[in-house]
Amino acid sequence: MKLLFNAVIKFILGLILVGTLLFVPAGSFAYVGAWLFIALLFLPMLILGIILFIRSPELLAKRLDVKEKQNTQKGVVAIAALLFLCGFVVAGLDFRFGWSHVPSVVTVIASAVLLVSYALYGEVMRENAYLSRTIKVQEGQKVVDTGLYKIVRHPMYAVTVWLFLAIPIVLGSWWSFLCFLPYVAVIVVRIINEEKLLTQELEGYKDYKKRVKYRLIPFVW
């Protein structure tokens with residue numbers, strides 16, 4: 001019951017926060033892009049949360065824990081939060097003042113990318129029961145090298161990059177896209193720091209790095 005209460009509260013607070021950051025700067029509830037984004041993000045999130053609560057409450061608890069202990073990761077989380085804050089506010093202002101024009105077909109493509117990315121996000125969680133929101137090596141943790149982990153070493157981050165870069169386009173704002181773009185660099189810093197820890201503390205990770213050469217994007221990095 002404590003886990004359920006925690007999950008429901010965080011879901012509701014997240015919904016309120018995102019709605020506030022979008023609709024207040026927009027000055028209107030007629031912001032169709034905002035409603036579309038909220039539906040595309042929070043409905044799958046609700047479904048995934050219910051599935052995790054029923055089938056893997058331990059993993060759900062890990063995903064709800066956002067308290068980083070390492071200074072580098074604390075900085076990464078803070079910068080990412082600032083980027084999202086700016087991105088949502090700028091998107092709302094963009095709607096109010098009409099700075100951008102995103103063609104409908106581009107919005108549809110971005111919406112599809114967001115949904116596919118979230119589906120892959122769920123698949124990664126199915127493959128890796130050790131996933132948490134914080135960087136740490138858990139007791140009994142083993143290297144996962146199946147599924148998407150055969151392609152890149154950090155499929156979760158690879159998926160979230162596509163997901164988050166689709167968000168401002170769904171919201172209909174090119175200026176917001178510029179706010180979200182530095183998130184890629186933030187993820188790179190997070191991965192480099194995380195791999196140092198995994199290499200030192202997770203048995204078999206050195207060999208895994210030899211088998212799977214790319215961190216984020218196949219044949220690139």
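1. Basis. The model is predicted: local features need pLDDT of at least 70, side-chain atom pairs count only at pLDDT 80 or more, and totals for chains, interfaces and linings use all residues. Residues are numbered from 1 along each chain as its sequence is written, and side-chain values use heavy atoms, with hydrogens and water left out.

2. Fold. The chain has 9 helices and 0 strands; helices (H or I, at least four residues) and strands (E, at least two) are DSSP runs, numbered from the N terminus. Of its 221 residues, 44% are buried, that is, under 20% relative accessible area with a 1.4 Å probe and protein chains only.

3. Leu171. Residues up to four places away in sequence aside, Leu171 touches Leu22, Tyr31, Gly33, Ala34, Phe37, Phe88 and Ala91; contact means heavy atoms within 4.5 Å.

4. Pocket. The second largest pocket is lined by 17 residues, and Ala158, Val159, Trp162, Leu216 and Pro218 lie nearest its centre. A pocket is an open set of points on a 1 Å grid over the protein atoms alone where a 1.4 Å probe fits, with protein on both sides within 12 Å along at least five of seven lines; lining residues have an atom within 4 Å of a point. H6 supplies 6 residues, the largest share of this lining.

Notes. Buried means under 20% relative accessible area, exposed over 50%, partly exposed in between (1.4 Å probe, protein chains only).
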